[in-house]
Each structure stands twice: as C-alpha cells, then as structure tokens.
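Please read the text alongside the sequence and the model.

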Amino acid sequence: MRNVAVLLLLLSPLVLATTDVVCKEEWFKTDFELLTSKPAQGGWWIASDSDNVIVEERKIEGSGGWDLFRIAIPTLHASAEKVFDTFVNNVLTESHKWTKEFKVGKVIAKPNEHTRIIYMEFDSGVPLVDNRDLCYVECTRDLGNGIKQASFRSVDACGPSPKGATRITWWGANLFAPQGDNKSSWILIDQENQGGYIPAFAMNLAMPKYLREEYKALEKLFGSGDAVQTNHFLAN
C-alpha cells in the first residue's frame, strides 16, 4: 500500500498538469479573428506565391520575432466533417500524410469532449540535428451551420523530452466550413518555434515552403480548387 502511495505521489505532478489545462475562450476569439481577417485589416502580407499556393505572413507583438502564417484552401472535395476528422480527430493516425517528419504520438489526457492533450515526436531527418517533440492542447468548438474550429497551444503537460529531442513551441488553429455538394473550405494559421539553435528569422524563411508542401499534401488527399490570397470568403 505504501508503494502505491509513493507511486501516486510521483505521478501527481503530471496528473495535475494535464487535468488543469483548459481551453480559453480568448484563444478561440483571437484565432477566429486571425483566421477570417482580410489582409488590409489583419496586417497580413504575401510571404510566398508559387506553385499556385499563396502563403500569408504577419507579425505578432511580443512573439520574439516568430511570425504567424496563414494558408487557405477555398474548396476541398470532401465534407467539412471529413476534413475535420482527418486533420483533428484522427491526427495521430493521419499526420504522416502531410508531415513526413512525424514519427509517433499519443493522447496524454482528454479532460472533456472538446479538449485533448497530445504528445508527438518528429524525426529531424538531418544528421547532427536533434529530433523534435511537441506537447499541446487541442481545443475544438462547433460554430453552427457545419463550421468547426480547432485551436492549438503548446502546454507543459507531457513530461520531459526524450534524450536527443528538442521541444517545439506551437500555436495554431484551423477553420473548417461546408461549401455544399460534399465540399468544404479549410484555413490554417501556424506559428512554430523549433527551439534549439534555429533562430526566428530562419524559421520565418522556412515556413512558406513547409506550408506549401502541407497544402499540396491536402490537395492530393482531398482535391482542391484554386488558391486564394485571403480567407475572406468565410468572413461574410
């Protein structure tokens, strides 16, 4: 009995860390505004316009130089529910389809039906460069009319990184909306601090290419329409 008590005491910090994580309404509000703001209103500029994929970028005050990026696919040939299930609910089994570095992942905790704490590991694919891992909270909400939002924030709730891995700090969000006839639109915002010796300016330069590849992977997975500069088609 004493051994059980000691074990529970050792595990209690992780249990408290995972159960104390809550989704904040301000996250949803901030992310929705960033997902749907027009360039002139939201401070966005075009970071990349190639391969028929437009990636937008904007500064974030107090971010330490790590910029926020956005891409939008106005028409995916799959329902919003299916895309949401693929990109959110089934992220641990589907991530390899758009993130080639993904290795393994697991759900650490599920405080409620709209909140999960998720842990992932990634292979750097580069000799002498640390692998990466990620611990984040996934927050989802239904906005009505088939529109769904998922917001993500890095949290300290998964224990230490394994030897040889550096933890990513991540902020992201997705918006999924039906477009009729089993079609949907998808928007993403993404800010990544890869940690280690990768400076903000280098990551900012790398993000457009990374997001173009993600766009193309989703295009291949579902099929899509033409690229757009902004996601104002959802803001009306």
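The buried residues of helix α2 are covered by elements that include β2 (53-58), β3 (68-76), β6 (131-144), β7 (147-154), β9 (169-180) and β10 (183-193). The model is predicted, so local features need pLDDT of at least 70 and side-chain atom pairs count only at pLDDT 80 or more, whereas totals for chains, interfaces and linings use all residues. Residues are numbered from 1 along each chain as its sequence is written, and side-chain values use heavy atoms, with hydrogens and water left out.

**Helix α2**
- Helix α2 spans residues 25-36 and reaches 17 Å from its first C-alpha to its last, close to the expected 16 Å (1.5 Å times one less than the number of residues).
- Helices (H or I, at least four residues) and strands (E, at least two) are DSSP runs, numbered from the N terminus.
- W27, F28, D31, L34, L35 and T36 are the buried residues of α2; buried means under 20% relative accessible area, exposed over 50% and partly exposed in between, with a 1.4 Å probe and protein chains only.

**Disulfides**
- The structure holds two disulfides, each being a pair of cysteine sulfur atoms within 2.5 Å.
- The sulfur atoms of C23 and C139 lie 2.1 Å apart, and the disulfide is left-handed because its S-S torsion is about -90°.
- This pair links C23, in the loop between α1 (2-20) and α2, to C139 in strand β6, 116 residues apart.
- C23 is partly exposed at 24% relative accessibility, while C139 is buried at 1%.
- C135 and C158 form a disulfide with sulfur atoms 2.0 Å apart; the link is right-handed, with 75° about the S-S bond.
- C135 lies in strand β6 and C158 in the loop between β7 and β8 (165-167), so this pair ties together parts 23 residues apart in sequence.
- Both C135 and C158 are buried.

**Pockets**
- A pocket is an open set of points on a 1 Å grid over the protein atoms alone, where a 1.4 Å probe fits, with protein on both sides within 12 Å along at least five of seven lines; lining residues have an atom within 4 Å of a point.
- The largest pocket holds about 920 Å³ of space, and T99, E101, E192, Q194 and Y210 lie nearest its centre among 39 lining residues.
- Helix α6 gives the largest share of that lining, seven residues.
- The second largest pocket has a volume of about 160 Å³; of its 13 lining residues, F84, N89, E113, H114 and T140 are the closest to its centre.
- Strand β6 supplies the largest share of the lining of the second largest pocket, four residues.

Key: Contact means heavy atoms within 4.5 Å. Grid points are joined across faces, edges and corners, and a volume is the space filled by probe spheres set on the points.
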